[in-house]
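Have the viewer open and follow along.

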Amino acid sequence: MAACTAARMFAYNATLCACEPGYYLNGSGGGCAAMPGGGWGDWQVGAVGAPRNQSLYFLEPVLSHYAVRRLTQSQAVLLEAALAALLAWLAFCAAARVAGRDPRGEKRLFRARFWISRLDCIFDNSHWAEDQQVLKKRKTELGGTCSVASLILFIGLVTVLLYQAIKRRSIEVHRVKPANAPDLLSFVNNLEFHITTISGMSCAQAIAPSTIAMGTPGSMDFRVVPLPTLFTYNCTNTSQGPSISLKCNGCRVPPRDHFVSWQFVDLPGQPAAAVGFQFNLTAKQHGDSKHVSFVSGTIDSDGYADDGKLKTFRGRDSNVLKVQLFPQIYNNLGNLRLFQPLVQDFTQGSVFLDVGSLNASLQNPSDGVVNTTLYISYLSDYIVEISSETVLGPVSVLASIGGLYAFSVAICLCIMAQCEARIKKLHYEDTRMIKILSKRRARRNWDKVRKFVMYTWGPSNLDPTDRSGKQPEGSVMDSLHRPFHKRREPIRQTTSNV
């Protein structure tokens, strides 16, 4: 009896081990491994080397990396920086107004409010005035706040506009036109189809295809030709299973669809069973290695079923992978002509959902096969032409800048007009601030005069009750008069009584 004690493993034929449905025997680890990848979530389709990356991801979760990437785009960062600067300026002005109230005008924040009013360079002749009064230029604190706010908003919007003009000055336009035979014959591509059967099998179990079917089975145009006339076959062992490669060098658009089939069979100790398929399909223009269109992804066992049960592919019914090749002409890349591969459909073959049925199939030699068919369809009725067109010119940029300036000024002017019309304290705010500063300046000048008088004539001259007219001792005038009086005193001679 075989010691099949690993997780997800069971014994069959009393001597061999196999894995439960949805798991395959990992040759390197010796246990049962689940299918890698997330089913449909890792599908990618696009064109590398085109003017922009067209990578698309199908059936991703609701919170995908695209949402995070949109928040970190340069355009969004510029708008967020402009909004942060605008909010910081408004917060500073509000804090200065609340904390800078000083009837004497001694606080630094009051002087900051005055310098904010000096910045009123846009709305200085648009302030509130009484009826029948002539408008004149007035610089107010609210006008300075709104002027700088409008400039910040304008600069932020202009920066975003310039970013769009530089990075997105052209758009990619797709046009669809009917295909003619000469247009289709001009498509010469190198096609590569890599399909990995995720399993514990090897290339020794593969039976290589020898023919390729062309056309619709049962119709008059159906043909079967040798495979080497179109494709080169190769099989490579990978860590996830055997990888089948079909390459076509210098292929043109054929008038009919293609069918290529291969299969894996049982070998002693190596049953033919798979849990999924991994594909990577590429197309390059013949002679051009810089540009490539591709589609890649993974198909698991429950991709087209809603029961959520894991399955194992095994049996006579073939697993059909339908691939479509769509012709595209890149006029913006020197008339580059590429096929865009697309995986449109997958048809499941024979599958097993429970251990009992899989165990019975492993002991049945007639089920010892995994059939796979690659169905290549050519969408040759229409051709997509891709070109770049300029959307922003010099005139449109200048017009947009003018519109942004008018928008920024109009928004701030509306806010300022509403505030001045509804709040009466703002009607003559500039006059009150100038009066406070004038009084402060006069008080400072008067203090200078008082200090000069006290230093020169003494403090008694500032006392209106002192009418003596004498110079106080210690004053500058007293020090000047004292040497003068000493010089005019008579010289007294002393006499002796001798």
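In α6, the buried residues are Leu358, Asn359, Ser361 and Leu362, where buried means under 20% relative accessible area, exposed over 50% and partly exposed in between (1.4 Å probe, protein chains only). Down the helix axis these buried residues fall within an arc of 160°, so they line one face of α6; the arc is that of the directions from the helix axis to the C-beta atoms. This is a predicted model: local features need pLDDT of at least 70, side-chain atom pairs count only at pLDDT 80 or more, and totals for chains, interfaces and linings use all residues. Residues are numbered from 1 along each chain as its sequence is written, and side-chain values use heavy atoms, with hydrogens and water left out.

**Around α6**
- The cover over the buried residues of α6 includes β1 (9-12), β2 (16-19), β16 (312-313) and β19 (351-352).
- Where α6 starts, a side-chain oxygen of Asp354 comes to within 3.2 Å of the backbone nitrogen of Gly356.

**Ser366**
- Ser366 sits in the loop between α6 (355-362) and β20 (369-378); helices (H or I, at least four residues) and strands (E, at least two) are DSSP runs, numbered from the N terminus.
- With a relative accessible area of 31%, Ser366 is partly exposed.
- Ser366 and Arg316 are 50 residues apart along the chain, and their C-alpha atoms are separated by 8.1 Å.

**The whole chain**
- The protein chain has nine helices and 21 strands.
- Of its 498 residues, 39% are buried.

How values were computed:
Contact means heavy atoms within 4.5 Å. A polar contact is a pair of N or O atoms within 3.5 Å; within protein, one must be able to donate a hydrogen and the other to accept it, and residues adjacent in sequence count only if both atoms are side-chain atoms.
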